[in-house]
Amino acid sequence: MSKEIVVSGIRSTGHLHLGNYFGAIQNYVKMQDEYNCYFFVADYHALTTHPDPKELKTNVFRVLSENIASGLDPEKVALYAQSDVPEIPELYLMLNMIAYKGELEKVPTFKDKVRLQPENVNAGLLTYPVLMAADILIHKGAKVPVGKDQEQHLEMARNFAQRFNTRYGDYFPEPQVFRFNNDTVKIMSLDGTGKMSKSENINATIYLSDDDYTIRKKIAKAKTDAGPVEGQPMPDFIQNLFTLLSITGSPETAQPYINAYNGGSIRYGDMKKQLAEDVVSFVRPIRERSIELQKDEAALRKILKDGGEKARASASAVISGARKLIGISYY
Ligand code: TYM
């Protein structure tokens, strides 16, 4: 039986963090043996915020290195840059014809961007979910490992697939979000103001490139409270610290601190010291390996080139089927 197709991507807009690791990369690594995987650096998606052209390559190579340093094996998966697969923008153009302005304007991530960068509300931002659908459907992807923040985009990808199928004939699968049981879907920033993100709240985000000193400093400053209040649920920013403790260390490490919290005797200072050591031990090998990988640009270029070829082999077959169904077949 042929293996199921898995597709996912990460934007090259900054340094990867624990949210990217636990929301996405951890799943990629677990899936690489059993599925037919296409994982890419979403460099076209990064263009929506007009990055400095001089920094684009460094960012792409770093994201690539951080994925490999986290355990992804380029021999087992297709690991590539989105911009190396021209069939993606071609499918994006086709899907744009069946995506509607009204539905795109309603997407919460679009509305957030309008609020955050009112001076740059470009058409690429509006059609961001269409490009994402093209990324997935170009390989007929069935499973998409992503964090919670991408679920709405996946729903739109299913809508576009369905609409294409209704209009032109059954062709695309409806891609589903994939996660292993109990996997964390959202890591919050350490100041409790929202999800960890590549470009916001950098002092409350643990990056895979952070050194030991920086990690300890950030965790020491993490937001806590005065302890549990009877009848009140645990605040989400405290829950987040326990989650980090149990996933970077182990559930057994976290349990005594959870017990202490429930018993009203939690000492956050002790808990943060433990958490800092666990996060340092977790991040250090990834950071060190990634630094090594980034030194060998020729090797990274070869990985991208080979990955791009694997991705294009799949993409060119799918796009020619789509062209035929639409009626673009003149010769
Ligand atoms: P991006 O680059 O913002 O994030 C990459 C992956 O990391 C997950 N993630 C998180 N998970 C848990 N907690 C967090 N704090 C956290 N922050 C990020 C994201 O859910 C994502 O899985 N639009 C996508 C990139 C993309 C894509 C695609 C993904 C482009 N085309 C096709 C899947 C399929 C994005 O901006 O992810």
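This is a predicted model: local features need pLDDT of at least 70, side-chain atom pairs count only at pLDDT 80 or more; totals for chains, interfaces and linings use all residues.
**Reading a ligand shell and a helix**

Trainee: Which backbone atoms lie by a nitrogen atom of the ligand?

Mentor: For G19, a backbone N or O atom lies 3.1 Å from a nitrogen atom of the ligand. M196 also places a backbone N or O atom 3.1 Å from a ligand nitrogen.

Trainee: What classes of residue make up the shell around the ligand?

Mentor: The shell has 12 nonpolar, nine polar and six charged residues. Of the 27 residues around the ligand, R11, Y128, D135, D149 and K198 come nearest.

Trainee: Which helices and strands each supply at least two residues of that shell?

Mentor: They are β1 (5–11), α1 (18–31), β2 (36–42) and α8 (128–137).

Trainee: Now helices. What span does α3 reach, and what is expected?

Mentor: A helix is expected to span 1.5 Å times one less than its number of residues. Helix α3 (residues 53–69) has 17 residues and reaches 25 Å from first C-alpha to last, close to the expected 24 Å.

Trainee: What do we find at its N-terminal end, and what follows α3?

Mentor: D52 caps the N-terminal end of α3, with a side-chain oxygen 2.9 Å from the backbone nitrogen of K54. After α3 comes G71, whose phi is positive, near 120°.

Trainee: Which residues of α3 are buried?

Mentor: Buried means under 20% relative accessible area. The buried residues in α3 include N59, F61, L64 and I68.

Conventions: Residues are numbered from 1 along each chain as its sequence is written. Side-chain values use heavy atoms; hydrogens and water are left out. A residue is near a molecule or strand if one of its heavy atoms lies within 4 Å of it. A polar contact is a pair of N or O atoms within 3.5 Å; within protein, one must be able to donate a hydrogen and the other to accept it, and residues adjacent in sequence count only if both atoms are side-chain atoms. Helices (H or I, at least four residues) and strands (E, at least two) are DSSP runs, numbered from the N terminus. Ala, Val, Leu, Ile, Met, Phe, Trp, Tyr, Cys and Pro count as nonpolar, Asp, Glu, Lys and Arg as charged, and the others, Gly among them, as polar. Buried means under 20% relative accessible area, exposed over 50%, partly exposed in between (1.4 Å probe, protein chains only).
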